[in-house]
Amino acid sequence: MIQTDLLGKRRISFSQRLFWSVFLIFIGFIICFFLFQYQREKAFAEDKLNQVLSNYNYQLYRYTHEAEEIEQIVQKFIQDIPQKDLRVTIITPSGKVLFDNNLQEEPDNHNNRQEVLKARTYGQGFAIRLSGSTGQTYFYSASNIGDYIYRSALPFDHDLKQLLKIDTGFIYFLAIMIILFFMVISSFTRSIGKTVAKLKEFALHAYNGHMPDTDYVFPDDELGDISKHIITLYHRQQKAANALTMEREKLRTHFQYAKEGFAMFTPDGKEILSNILFIQFFNTLSDTRIHQAEEAIEIEEISPIREFLNKNIPNKKRKKNVLREPLTIDKNGKIFLVECLLFLDNSYELSIHDISRQEQESRMKKQLTQNVAHELKTPVSSIQGYLETILANPGLDPEKQAAFLERCYAQSSRLTHLLRDISVLNRLDEAAGMFDLSDVSIPKIITEIEHEATERMAAKHITSEVILPGDPVIYGNYSLLYSIFQNLYDNAIAYAGEGIHITLHCYKEDPQYYYFSFSDTGTGISEEHINRIFERFYRLDKGRSRKAGGTGLGLSIVKNGVHFHKGQISAKSTPGKGLTLYFTLKKKI
């Protein structure tokens, strides 16, 4: 039976190869045994016939060694025995034929005959050969008696051949043994073939990764036990592999949501794994924007790390399993800890951690209550003051009264916006799971925001540029995504200055995240403030901020909205050169 292996090659099945290998070995054994037995029985028959003829030789010797009429004695002897065609020969020590009852002419010297040579040497000998004197084949038996050779011979005709041939019963016995062995080995190899076929089917499914929901039943023998153990080991291995995959995914998830940037690289600097904070933190740290994790090692700020790798990777005599090189960088109002771990196989890991943010949340919580009370008090006090003035002066000029009422309305609107922003932040903190989710088109949101801000941007001569390759769509909450980009635009329009240029760029995409940058060419923010701009109610210039109508919660809402969408945000600024915000948003939360 022709079958195909796992690679599609055609070949004879294992059971067929096993059957024919064993069967042919057995046939070879039977043939050898048959030849051995045939030779053995033939030798036995020849020896038996030789004994009969040898006995005739000794009887002839007794009858003829002192007689003068040898021929008559021989003729009488032949008449008394069953073999009437017996040939009798008497040879002298010199090899001359003294008597031969079948020869009429003078024969040649007989000492060179095969049976005579054996008799001269061993005292007895026989041979089956063609007679040189008569041209007929005989069975010769020669006996050395007193240096005279007495030789008896019978024609090697049909009767004698029948006497010497092997027993046909033995041949039938061997034939029956071959048939029985054929049946037994066929059944045995068929059973093995079925087991091997099942194992092959199992191996093929395992190789293709599509294991059917069937139980493999094997015979109750050693091969069946081995097959069951193999399948059991496979299932254990699959279970262990699945568990390992799950743990690996947990580890990947941990790295993705860790509070530090992390990336692993091959010895030649190719990325193996990185999380979303890695590129984001390095873009915050570096003056040159990077798009791929491999580019991080080339920035000037971490040149000591690069020198550390260039020194140790070519060193093949390292004995330590892991080498560590830390580097602390203070730049753009932030302090980053960059660490490099070099493993024995020369692969390495880079991590970057923003250690300047450790006290931020604690400080923000302490000031939150005070800030809320203060921010609510300001518009309420203004409204109360204007209304008291109007009530205390019934004859107040209508124009001034209208102006005071407009100021009350402006402060009440500011109070409404403040309460709305606080409500949004509270929902993000306490009931984030209650937000509705749907597919949200980012280009559509930006179009709506820019349309809404057209007049404000024109009043300040602000231009904008939107670069969104691929029209990103995020499965998230529409109102929060709208608030993120609206507050970014509002913040730039309110505080960056006049005549600036705003750029929104989706500069990178991977299977899970979009990477955005939002920048302006305005006044920028100094290092002393850059670390605090995402705090609630934090203002660079309190007087100017209130005059602009801000609530102090815009960038805090941006940060929390980004976190809600499983992303991270950071800022980089140079006074006089504008502000850039880097943030990520997960495609599907």
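Is Asp100 buried or exposed? Asp100 is buried, with a relative accessible area of 9%. Buried means under 20% relative accessible area, exposed means over 50%, and partly exposed lies in between (1.4 Å probe, protein chains only).

## The model

This is a predicted model, in which local features need pLDDT of at least 70, side-chain atom pairs count only at pLDDT 80 or more, and totals for chains, interfaces and linings use all residues. Residues are numbered from 1 along each chain as its sequence is written, and side-chain values use heavy atoms, with hydrogens and water left out.

The pLDDT is the predictor's confidence in each residue, from 0 to 100. The chain averages 80 on this scale, and 83% of the residues score at least 70. Over residues 542–549 the pLDDT is below 50. Beyond near neighbours in sequence, that stretch has 11 contacts in the model. A contact means heavy atoms within 4.5 Å.

## The chain as a whole

The chain holds 16 helices and 19 strands. Helices (H or I, at least four residues) and strands (E, at least two) are DSSP runs, numbered from the N terminus. Of the 589 residues, 41% count as buried.

Take the contacts between residues at least 6 apart in sequence: 59% of them join residues at least 24 apart. The chain exposes about 33600 Å², and carbon and sulfur atoms supply 55% of that area. Accessible areas come from the Shrake-Rupley method with a 1.4 Å probe; for residues, only the protein chains shown count as cover.

## Salt bridges

Side chains of opposite charge can pair when their charged atoms come close. A salt bridge here is a side-chain nitrogen of Lys or Arg within 4 Å of a carboxyl oxygen of Asp or Glu. The structure holds 10 of them. One joins Arg87 to Asp100, with the closest N and O atoms 2.9 Å apart. Arg87 lies in strand S3 (residues 87–91) and Asp100 in strand S4 (residues 97–100), so the pair ties together parts that are 13 residues apart in sequence. Arg87 is buried too, at a relative accessible area of 0%. Both residues belong to a network of salt bridges that also links Glu115, Arg129 and Arg151.

Another salt bridge pairs Arg324 with Glu339; the closest N and O atoms are 2.2 Å apart. Arg324 lies in strand S10 and Glu339 in strand S11, so this pair ties together parts 15 residues apart in sequence. Glu339 counts as buried, at 19% relative accessibility. Lys76 and Asp80 form a salt bridge as well, with 3.6 Å between the closest N and O atoms. Both Lys76 and Asp80 are exposed.

## Ile149 in strand S7

Ile149 sits in strand S7 (residues 148–155). At 0% relative accessibility, Ile149 counts as buried. Leaving out residues up to four places away in sequence, Ile149 touches Thr89, Ile90, Ile91, Val116, Ala119, Arg120, Ala142, Ser143 and Asn144. Asn57 is 92 residues from Ile149 along the chain, yet their C-alpha atoms are separated by 8.8 Å.

Which residues of helix H11 (residues 442–452) are buried? They are Ile442, Pro443, Ile445, Ile446 and Ile449. These residues cover an arc of only 155° around the axis, which puts them on the same side of H11. The arc is that of the directions from the helix axis to the C-beta atoms. An α-helix has 3.6 residues a turn, so residues three or four places apart point the same way. The face of H11 turned away from the buried side carries the exposed residues Lys444, Thr447 and His451. Among the partners of the buried residues of H11 are strand S13 (438–441), helix H13 (478–495) and strand S16 (501–509).

Helix H8 (residues 303–312) has Ser303, Ile305, Arg306, Phe308, Leu309 and Asn312 as its buried residues. Their cover includes strand S10 (322–331), strand S11 (334–343) and strand S12 (348–354).

## A nonpolar patch

Trp20, Leu24, Phe173, Ile176, Met177, Ile179, Leu180, Phe182 and Met183 form a nonpolar patch on the surface. Together they have about 910 Å² of accessible area. Helix H1 (14–64) and helix H5 (168–208) are the elements that give two or more residues to the patch. H5 gives the most, with 7 residues. Leu24 is found in H1 and is exposed, with a relative accessible area of 53%.

Patches are made of residues with over 30% relative accessible area and no salt bridge; like charges are joined within 9 Å, and nonpolar side chains (Val, Leu, Ile, Met, Phe, Trp, Tyr) within 5 Å.
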